[in-house]
Amino acid sequence: MKRNQDWDSMKHTAFSYSFTPKEFYFFLFKKPKCPDCGEKMLRQKEYFSTRGAIPGTFTQEMASVNTKKVKYYYYTYTCPKCGKKYTLSELAK
Ligand SMILES: [Zn+2]
């Protein structure tokens, strides 16, 4: 994909959370344990940017919003014991 300097430096026009309904349920109700060693995992908030909204995520409320550059928050889980890192979507499968 061609790099776009203008897009890279522009401010986000909207933000959302890249949850699928299943991931959202997991996020709200589950306390994930490390699949490798069973330790309780630490949640971390991160984000990435996209052009336009991602279908199937929680973006309904953005129908009238400029989605030229959307900031998506997502969560990762890190094990404090063995250092393994998983995304919410990996754990919620
Ligand atoms: Zn672990």
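Because the model is predicted, local features need pLDDT of at least 70 and side-chain atom pairs count only at pLDDT 80 or more, while totals for chains, interfaces and linings use all residues. Residues are numbered from 1 along each chain as its sequence is written.

**Overall make-up**

- The chain holds three helices and four strands, where helices (H or I, at least four residues) and strands (E, at least two) are DSSP runs, numbered from the N terminus.
- Read from the N terminus on, the elements follow the order α-β-α-β-β-β-α.
- Of the 93 residues in the chain, 13% are buried, a term that applies if 20 or more other C-beta atoms lie within 10 Å of a residue's own, whereas exposed applies at 12 or fewer and partly exposed in between, with C-beta atoms placed from the backbone.
- Among contacts with a separation of 6 or more, 73% join residues 24 or more positions apart, and two residues are in contact if their C-beta atoms, placed from the backbone, lie within 7 Å.

**How the strands pair**

- Strand β1 (residues 14-17) and strand β3 (residues 70-78) run parallel and are joined by four bridges, and two strands pair if DSSP finds at least two bridges between them.
- Within that pairing, Ala 14 has Val 70 of β3 as its bridge partner.
- Strand β2 (residues 42-50) runs antiparallel to β3, with nine bridges joining them, and here Thr 50 stands opposite Val 70 in β3.
- Strand β4 (residues 85-87) also pairs with β3, in the antiparallel sense and over three bridges, with Thr 76 standing opposite Thr 87 in β4.
- The hairpin of β3 and β4 has six residues between the strands, and in this hairpin Gly 83 takes a positive phi near 80 degrees.

- Strand β2 lies largely in the open, because the number of buried residues among its nine is zero.
- Lys 22, which is found in helix α2 (residues 21-29), counts as exposed because it has 12 C-beta neighbours inside 10 Å.
- Although Lys 22 and Lys 93 are 71 residues apart in sequence, the distance between them in space is 8.3 Å, C-alpha to C-alpha.
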